[in-house]
Amino acid sequence: MTTSSAQDVSGRLFLVVGRLSRSLRQAGAPGPGHGAISALATLSHYGQLRLGDLAAKEGVAAATMSRIVASLVESGYVRREADPVDRRAWLATVTDEGVRMISGVRSTRIHELDRRLERLPDDLKQALTAALPALEALISEEE
């Protein structure tokens with residue numbers, strides 16, 4: 001693959017992944033914003049985290065994460081408590097209501113993606129299935 005065609009693939013992939021992600025985020029009922037949903041999903045995946053660690057995983061400033069977590073606490077999706085090791089730090093944990101919220105969001109988005117996949121011809125479905133290991137490898141370095 002030439003550099004020009006590699007850049008074309010990278011550009012097209014960047015654009016389509018971004019647009020698909022945004023389109024799926026807009027599907028379903030209104031609720032917490034993208035940053036809050038992302039933080040909830042991260043907490044659900046990793047369990048209890050310090051706010052600073054959560055901010056680092058989300059790639060946002062600590063102050064931004066503090067505001068996001070405050071809104072999630074107010075909504076009942078997250079519980080915040082003092083870190084027993086360092087009383088200056090806070091730990092965030094997803095509540096049962098938060099788990100239900102993130103599960104519902106995932107379900108809605110997966111349902112919407114399923115609906116779109118069903119409209120594709122079989123050859124494109126097979127191409128997407130074949131591409132999944134490569135796409136997963138692109139993000140496995142981050143985790």
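Modeller: One definition to begin with. A nonpolar core is a set of buried Ala, Val, Leu, Ile, Met, Phe, Trp, Tyr and Cys residues joined through side-chain atoms within 4.5 Å. Keep in mind that this is a predicted model.

Biologist: Which residues have the most contacts inside the largest nonpolar core?

Modeller: They are Leu-40, Leu-43, Leu-54, Met-65, Val-69, Leu-72 and Val-78. The core has 20 residues. Two or more residues come from each of α2 (34-46), α3 (51-58), α4 (62-75), β3 (90-94) and α5 (96-118). The largest share, 5 residues, belongs to α2.

Biologist: What makes Asp-83 and Arg-50 a salt bridge?

Modeller: Their closest N and O atoms are 2.6 Å apart. The cut-off is 4 Å between a side-chain nitrogen of Lys or Arg and a carboxyl oxygen of Asp or Glu. The pair is therefore a salt bridge.

Biologist: Why can such side chains pair at all?

Modeller: Opposite charges can pair when the charged atoms come close.

Biologist: Where do Asp-83 and Arg-50 sit in the chain?

Modeller: Asp-83 is in the loop between β2 (78-82) and β3, while Arg-50 is in strand β1 (residues 49-50). They are 33 residues apart, so the pair links distant parts of the chain.

Biologist: Why is Asp-83 called buried?

Modeller: Its relative accessibility is 5%. Buried means under 20%. Asp-83 therefore counts as buried. Arg-50 has a relative accessible area of 32%, so Arg-50 is partly exposed.

Biologist: How many salt bridges does a search of the whole structure find?

Modeller: The search finds 6. One of them joins Glu-81 and Arg-79, at 3.4 Å from N to O. That value is within 4 Å, so the pair counts.

Biologist: Are Glu-81 and Arg-79 buried or partly exposed?

Modeller: Both are partly exposed. Glu-81 has a relative accessible area of 30%, and Arg-79 has 41%.

Biologist: What makes Arg-116 and Glu-112 a salt bridge?

Modeller: The N to O distance is 2.8 Å. The cut-off is 4 Å, so these side chains meet in a salt bridge. Both residues lie in helix α5, 4 residues apart, about one turn of the helix. Arg-116 is partly exposed, at 23% relative accessibility. Glu-112 is at 11%, so Glu-112 counts as buried. Salt bridges that share partners join Glu-112, Arg-115 and Arg-116 into one network.

Biologist: How do you know that Lys-57 lies over the face of Tyr-46?

Modeller: Lys-57 is 4.2 Å from the ring centre. The distance limit is 6 Å, and the charge must also be within 35 degrees of the ring normal. Lys-57 is listed as lying over the face. Arg-80 lies over the face of Trp-90, also at 4.2 Å from the ring centre.

Biologist: How many aromatic pairs does a search of the whole structure find?

Modeller: The search finds 0.

Biologist: Which residues form the nonpolar patch on the surface?

Modeller: Leu-13, Val-16, Val-17, Leu-132, Leu-135, Leu-138 and Ile-139 form the patch. Together they have about 570 Å² of accessible area. The elements giving two or more residues are α1 (3-26) and α6 (122-140). The most, 4 residues, come from α6.

Biologist: Why is Glu-58 called buried?

Modeller: Glu-58 has a relative accessible area of 19%. The limit is under 20%, so Glu-58 is buried. Glu-58 is in helix α3.

Biologist: How far apart in space are Thr-108 and Ala-27?

Modeller: They are 7.2 Å apart, C-alpha to C-alpha, and 81 residues apart in sequence. Thr-108 is in helix α5. At 35% relative accessibility, Thr-108 counts as partly exposed. For another pair, Glu-58 and Arg-12 are 46 residues apart in sequence and 24 Å apart in space, C-alpha to C-alpha.

Conventions:
Residues numbered from 1 in each chain as written. Predicted model: local features only at pLDDT ≥ 70, side-chain atom pairs only at ≥ 80, totals over all residues. Heavy atoms only, no water. Patch = residues over 30% accessible without salt bridge, like charges linked within 9 Å, V, L, I, M, F, W, Y side chains within 5 Å. Areas by Shrake-Rupley, 256 points an atom, 1.4 Å probe, with all protein chains shown as cover. Phe/Tyr/Trp six-rings, centres within 6.5 Å; stacked < 30°, edge-to-face > 60°. Buried < 20%, exposed > 50% of the residue type's maximum accessible area, 1.4 Å probe, protein only.
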